[in-house]
Amino acid sequence: MLRTISGFDRIGEENAFAVLARATALAAQGKDIINLGIGQPDFKTPAHIVEAAIKALRDGHHGYTPATGLLAAREAVVRRTLTTTGVEVSPENVIIVPGGKVTMFAAILIFGEPGAEILYPDPGFPIYRSMIEFTGATPVPVPIREENAFAFSAEETLALITPKTRLLILNSPANPTGGVTPKAEIEKLVKGLEAHPHVAIMSDEIYDVMTYDGEEHFSLLTFPSIRDRLIVLNGWSKTWAMTGWRMGWSIWPDSLYDKVRKLAVNCWSCVNAPSQYAGIAAIDGPQDDVEKMCRAFDSRRRIVVDGLNSLPGISCATPKGAFYAFPNIKQTGWPAKQLAAALLDEAGVALIGGPDFGILGEGYIRLSYANSEENILRAIERIERFLAK
Ligand code: PLP
């Protein structure tokens, strides 16, 4: 019998990938499946970005790059950060990583061990909790409530901090709820965090461009008082429709940068060179495709929310960011995961049960509206017919 570390008894998964596999298998059997499960834009990576990668390969950029990423790619991130947040960071604090997930993996590995507590949003991206459990640290859920428009509450978050807290994970605009935390709440939280200098913060800002109804995203980077313990997670996957390229970046404080650099050297060496050239082109090139995609998400968002609110037993708060709706299904009487499974098998609609995002996800389902308006309308019709049965 092989003996592996106990972390593997606790590590979790991202059920969106299991639902995608099941939806793909059903489609292969000839079933007509509408996929509102996986969180990836249904748009193609803009052509000039693809061309930049092809050119990089043709120009012979086949080798290793520095472990932290090409200086030109890190400088592109610096320019982008200045444009979106007004904050000037140094390329010496930026690392290019193979996807947004790698930043959370690194941050949680750096802080997690038995006896440590890590705060994370619930419902939230499932990998936060999974990785915390893997390290043996204690996962401390920060409740994200519908009554609070799925924003995090500064007061509730601060009340959970103890001397054992090592890391606080924040995410706005949020997966799976589409919640955006207002500036005033972030300011309140930061003020409170000033009294807890032992707590590092990882702010997952991967959906930063996707906000609606005049809602604005406020980067934690704009608060100098916590900069020496702030990690900002971001990347190319969502903004430029590049999920399969595996391209992310993060901004680290001086005291942690060498740790993540060493993780890179020990694990991924560097991100593949042509993708990094594509990443530079994405940041420096025209942003029309990004704007077009965000406008499309905005109009689909209205369709999905109106459609869901017309269904018996379902009420859907209007999401202010990302590309997810997180309707309340409590009045249908269905447990969320069972409803999600039945909708896939019997109605051909793939979506995710709320409990896959945390204990407080019961009573909700997540729909990704990164799909065509036509398919969204067909999916709503199918859900309506299913619920009427
Ligand atoms: N953070 C959040 C909140 C996400 O929803 C996702 C992907 O769904 C990621 C990070 C990971 O992104 P990537 O595909 O770049 O690893």
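**Exercise 1.** By class, how many nonpolar, polar and charged residues does the shell around the ligand have?

*Solution.* Start with the ground rules. This is a predicted model, where local features need pLDDT of at least 70, side-chain atom pairs count only at pLDDT 80 or more, and totals for chains, interfaces and linings use all residues. Residues are numbered from 1 along each chain as its sequence is written, and side-chain values use heavy atoms, without hydrogens and water.

Next, collect the shell: 14 residues lie around the ligand (a heavy atom within 4 Å). Gly100, Asp204, Tyr207, Ser237 and Lys238 come nearest. Then sort by class: 5 are nonpolar, 5 polar and 4 charged. Gly counts as polar here. Finally, check the elements: helix H5 (residues 100-111; a DSSP run of H or I, at least four residues) gives the most, with 3 residues.

**Exercise 2.** Which polar side-chain atoms lie 2.7 Å, 2.6 Å and 2.8 Å from ligand atoms?

*Solution.* Look for polar contacts (N or O pairs within 3.5 Å). Asn175 lies 2.7 Å from a ligand oxygen. Asp204 lies 2.6 Å from a ligand nitrogen. Arg246 lies 2.8 Å from a ligand oxygen.

**Exercise 3.** Which residues lie nearest the centre of the largest pocket?

*Solution.* Take the pocket as an open set on a 1 Å grid over the protein atoms alone, where a 1.4 Å probe fits, with protein on both sides within 12 Å along at least five of seven lines. Lining residues have an atom within 4 Å of a point. There are 20, with Arg80, Thr83, Thr84, Asp208 and Val209 nearest the centre. H4 gives the largest share, 4 residues.

Note on methods:
A polar contact is a pair of N or O atoms within 3.5 Å; within protein, one must be able to donate a hydrogen and the other to accept it, and residues adjacent in sequence count only if both atoms are side-chain atoms. Helices (H or I, at least four residues) and strands (E, at least two) are DSSP runs, numbered from the N terminus.
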